[in-house]
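This briefing covers a few selected parts of one protein structure. Please look at the sequence and the model below before reading on.

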Amino acid sequence: MRKRRQIELFSLSFLDLISGALGAVIILYVAIPKNQPKVEPKDDIEKVMVKQELASSKAKIDELTREIETLKAAQVKIVEPLKIEEPVVGGANVDIGFKFKGKNIVFIIDTSYSMTEEDRMGQVKAGLKMFLTSLSSEYKVDIVQYPLGERAPFRSMWGTIKETTGFNKTDAFDFIYALRPSGGTPTRDALLFVIKNYENVSDIVLLSDGQPTYHNSNRKDDIYDILNVVRAENRTKIQINTIGVGTNFVKDKTSDQYKFLSLLSEQNGGFFVGF
């Protein structure tokens, strides 16, 4: 009796084939990345950051530009009222702020002892130096101080008016520096000296802090008599300008010194300033 042949459902070669295919699938599964996030290139990140910085800088520049325009507009509003007018020939001089009759000026400076109060002498020195500095060489000036202590009722710098050149200004500054308060207030003597002895003077500027007295005395002079004498002697119509020094000229407008300086300028066509 013939034996039946045993049937093999799976051969070894088939199993080898299946195993190889499965191994290939596993390798592919492991080797291929799965669902990893997309990474931007480094160059692209830097470009984005630069764009953001540029946008921020542009916004700041725009803001500063608007602020500058606002400040310019405000500056124009402030500066416009301060525009300086052109000089008027033969009249006002805008550089120094006072209206003179001409350009030949004698300054009469009170150096009495009372000028030590409130540093009045220091204020007059500083103001006069600035005043002279602003004058062009077209102006001619001289300075008379009163008194010269007990030695004399007054002293002049040159005894005549000179052009305000650089060299002459230096001499004037030295003269001003040497002024020292001492003695009384012989205003009458100084005024009449200038009116009678200076030729071609257009203006007098009197700077004083007190009521006139006699030389080497505390006895008060008669202010109304001085006004009458000055008006009579001022035949060439010199413009007499007065500047009151000290707080009294601001606080008390009824004092004799205030009345004297204001009337002296008013009667002789000048200006009066108190400070």
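**A buried threonine and a helix with one covered side**

T242 counts as buried because its relative accessibility is 0%, where under 20% is the cut-off for buried. The model is a predicted one.

**T242**

- T242 is part of strand 6.
- A polar atom of the T242 side chain lies 2.8 Å from the backbone oxygen of L261.
- Leaving aside residues up to four places away in sequence, T242 touches L206, L261, S262, L264, S265, F271, F272 and V273.

**Helix 6**

- Helix 6 spans residues 223-233, and its buried residues are I223, I226, L227 and V230.
- These residues lie on the same side of helix 6, because they cover an arc of only 100° around the axis.
- An α-helix has 3.6 residues a turn, so residues three or four places apart point the same way.
- Among the elements that cover these buried residues are helix 5 (187-197), strand 6 (239-244) and helix 8 (256-267).
- At the N-terminal end, helix 6 is capped by D222, with a side-chain oxygen 3.0 Å from the backbone nitrogen of Y224.

**Helix 5 against helix 6**

- The axes of helix 5 and helix 6 cross at roughly 5° and come within 10 Å.
- The two helices are therefore roughly parallel.
- Helix 5 contributes R188, L191, L192, I195 and K196 to the contact, and helix 6 contributes D225, I226, V229, V230 and E233.
- Of the residues in this contact, six are nonpolar, four are charged and none is polar.

Note on methods:
Residues are numbered from 1 along each chain as its sequence is written. This is a predicted model: local features need pLDDT of at least 70, side-chain atom pairs count only at pLDDT 80 or more; totals for chains, interfaces and linings use all residues. Side-chain values use heavy atoms; hydrogens and water are left out. Buried means under 20% relative accessible area, exposed over 50%, partly exposed in between (1.4 Å probe, protein chains only). Helices (H or I, at least four residues) and strands (E, at least two) are DSSP runs, numbered from the N terminus. The arc is that of the directions from the helix axis to the C-beta atoms. Contact means heavy atoms within 4.5 Å. A polar contact is a pair of N or O atoms within 3.5 Å; within protein, one must be able to donate a hydrogen and the other to accept it, and residues adjacent in sequence count only if both atoms are side-chain atoms. Axes are lines fitted to C-alpha atoms, for helices over the stretch in contact, and angles run from 0 to 180 degrees between N-to-C directions. Angles under 35 degrees count as roughly parallel, over 145 as roughly antiparallel, 65 to 115 as roughly perpendicular and the rest as oblique. Ala, Val, Leu, Ile, Met, Phe, Trp, Tyr, Cys and Pro count as nonpolar, Asp, Glu, Lys and Arg as charged, and the others, Gly among them, as polar.
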